[in-house]
Amino acid sequence: MSTVQPPAPQPLRWPAEAVWEAVVPLLPGFTVEVLPSIASTNTELMQRARAGSSEPTLLVAEVQTAGRGRLGRAWNNAAGNSLMFSLGLPLAPVEWSGLSLAVGVSIAENLQPVPRPGAARIGLKWPNDLWLDDGRKLGGILVETASLVGAASAPAPGTGRAARYVVVGVGINVRLPSAQGLTTPPGSLQDVDTRLDAPAALLRLVPPLVAMLQSFEAQGFAPLRERFHQRDVLRGREVVLSDGGAGTADGVEADGALRVRTAQGVQAVTGSEISVRPAGQPLPPA
């Protein structure tokens, strides 16, 4: 007896040329690479930077076999189920603090300028997560930097600030993944806009992200503070810090530090190794 085979999945059609055309006027020498599989886009760009390659590069992976989130957590997925990319470029900002928050603002606003009727709203969870308004995690951001090599490490002309190579890694659920083993239930782009697949989201996100990074370089996080507050999913909620402290989240400072009102007063949380969870949710394992 013959069996009917399901149709083979269509290959993803990435808008590499359209992304390049939109970005290269802002970043001369910019290149776009799309790979069917790689261990980690962030790791690859960081290794290149440490070997002396400082060209602005967008690296997209259909599959990551060793993708990393914050605190080294894994991020793996099948082709088309997630949008996974890393953007690397030299940057010499006035102040580095708040960069992951600025990236989150750019991504949330450009994925969802205005929520569609009946769709979940994209929010931001300090310091580097994209959440839906019902408490499900949509995606995450991982920012890493490396020292530039040779002449590229000289201070930027007119600023006196030495540049570093920054790699901004982004992972977003396009289709709903399994919740097995996750401490936070997952959400997906299908909850936000059913018209968005990974290639369409990439084109929507990357050009304004580059423009935002260049604005951040000149002005820092402070001009984005109120825009972050508009999507802050922790503000006004009881939170528990991974160092054992607890209190009420009260927005962020101009430098991106999380404000937590505790019995001892307002605490500014800045440590990159501090994890924050709304009260009632378990902390991740140490």
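**View 1. T262 and the residues it touches.** Leaving aside residues up to four places away in sequence, T262 touches A246, G247 and Q267 (contact means heavy atoms within 4.5 Å). T262 sits in strand β12, residues 258-262; helices (H or I, at least four residues) and strands (E, at least two) are DSSP runs numbered from the N terminus. With a relative accessible area of 18%, T262 is buried (under 20% relative accessible area, with exposed over 50% and partly exposed in between; 1.4 Å probe, protein chains only).

A word on the model: it is predicted, with local features needing pLDDT of at least 70, side-chain atom pairs counting only at pLDDT 80 or more, and totals for chains, interfaces and linings using all residues. Residues are numbered from 1 along each chain as its sequence is written, and side-chain values use heavy atoms, leaving out hydrogens and water.

**View 2. Helix α2 and its buried face.** In helix α2, residues 41-50, the buried residues are T41, N42, L45, M46 and A49. Seen down the axis of α2, these fall within an arc of 130 degrees, so they line one face of the helix; the arc is that of the directions from the helix axis to the C-beta atoms.

View 3. At the N-terminal end, S40 caps α2, with a side-chain oxygen 3.4 Å from the backbone nitrogen of N42. Just after α2, look for G52, which takes a positive phi of about 110 degrees.

View 4. Among the buried residues are L99, G104, E109 and L111.

Methods
A polar contact is a pair of N or O atoms within 3.5 Å; within protein, one must be able to donate a hydrogen and the other to accept it, and residues adjacent in sequence count only if both atoms are side-chain atoms.
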